[in-house]
Amino acid sequence: MADLPGYCRSCLHTGKLAFLAILVSGGIVLQILACALYNNWWPMLTVIMYVLLPMPLLFFAGSDRSALLSESNDSWVNATKFLTGASAVGSIAIPTILKHAGVIGWGALAMELSSFFVFVIAIMCYISMGEEDDYSMLF
């Protein structure tokens with residue numbers, strides 16, 4: 001990859017960014033379809049968790065990404081890991097609880113969970129893109 005000309009590398013980065021944009025757009029479409037197709041907007045509660053999910057990382061972790069992937073005795077890093085994990089579990093728990101209560105149907109639950117997994121794949125691709133190419137928009 002290092003021996004490629006600069007214009008080829010920028011083209012590859014553009015393709016990766018386009019792929020990430022398509023993934024995130026697909027997740028948003030699944031989220032909206034889970035509500036619109038079944039004429040029930042309760043599944044939109046998971047959007048709250050999607051908004052809250054990166055907040056601990058932005059506020060507590062700062063630009064030190066390596067501390068999040070290793071064991072540390074820093075209480076702020078541990079609080080960040082806990083709050084991020086709680087938000088991720090809430091993203092799965094909210095539609096499951098709504099289905100258990102009979103508020104949404106199986107189709108809406110399946111679309112909500114598939115939307116969550118599409119977002120997870122997009123986040124994993126973004127993290128791997130930042131690690132392998134030293135190309136990251138947030139850090």
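Predicted model: local features only at pLDDT ≥ 70, side-chain atom pairs only at ≥ 80, totals over all residues.

**Entry 1: burial, and a threonine**

Before looking at any residue I noted the cut-offs: buried means under 20% relative accessible area, exposed means over 50%, and partly exposed is what lies in between, with a 1.4 Å probe and protein chains only. By that rule Thr 80 counts as buried, because its relative accessibility is 0%. I found Thr 80 in helix H4, where helices (H or I, at least four residues) and strands (E, at least two) are DSSP runs numbered from the N terminus. A polar atom of the Thr 80 side chain lies 2.7 Å from the backbone oxygen of Trp 76.

Residues are numbered from 1 along each chain as its sequence is written, and side-chain values use heavy atoms, with hydrogens and water left out.

**Entry 2: the whole protein**

I counted five helices and zero strands, and from the N terminus on the elements run α-α-α-α-α. Of the 139 residues in the protein, 29% are buried. The protein exposes about 8800 Å², of which carbon and sulfur atoms supply 72%; such areas come from the Shrake-Rupley method with a 1.4 Å probe, and for residues only the protein chains shown count as cover.

Which residue has a positive phi although it is not a glycine? I found that Asn 39 does, at about 50 degrees, and I noted beside it that most residues other than glycine have a negative phi. Asn 39 is in the loop between H1 and H2, and it counts as exposed because its relative accessibility is 66%.

Asn 40 is in the loop between helix H1 (6-36) and helix H2 (46-52), but Asn 40 is buried, since its relative accessible area is 16%. Its side chain reaches the backbone oxygen of Val 103 at 2.5 Å. Leaving aside neighbours within four places in sequence, Asn 40 is in contact (heavy atoms within 4.5 Å) with Ala 34, Cys 35, Val 103 and Ile 104.

Which residues make up the largest nonpolar core? I listed six: Met 49, Ile 94, Leu 98, Ile 104, Ala 108 and Leu 109. Such a core is a set of buried Ala, Val, Leu, Ile, Met, Phe, Trp, Tyr and Cys residues joined through side-chain atoms within 4.5 Å. Helix H4 (75-100) and helix H5 (106-133) each supply at least two residues of this core.

Beyond neighbours within four places in sequence, Ile 94 is in contact with Leu 45, Thr 46 and Met 49. I then turned to Thr 46, which lies in helix H2 and is buried, because its relative accessible area is 0%. The C-alpha atoms of Thr 46 and Phe 116 are separated by 9.1 Å, although the two residues are 70 apart along the chain.

**Entry 3: aromatic pairs**

How many aromatic pairs does a search of the whole structure find? It finds two, where rings of Phe, Tyr and Trp (its six-membered ring) pair if their centres lie within 6.5 Å, and planes under 30 degrees apart count as stacked, over 60 as edge-to-face and the rest as tilted. The rings of Tyr 50 and Phe 119 have centres 5.0 Å apart and planes at 65 degrees, so this pair is edge-to-face. The pair links distant parts of the chain, with Tyr 50 in helix H2 and Phe 119 in helix H5, 69 residues apart. Both Tyr 50 and Phe 119 are buried.

Phe 116 and Phe 117 form an edge-to-face pair too, at 5.4 Å centre to centre and 70 degrees between the planes. Phe 116 counts as buried because its relative accessibility is 8%, whereas Phe 117, at 47%, counts as partly exposed.

Notes:
Polar contact = N/O pair within 3.5 Å; in protein donor to acceptor, adjacent residues only side chain to side chain.
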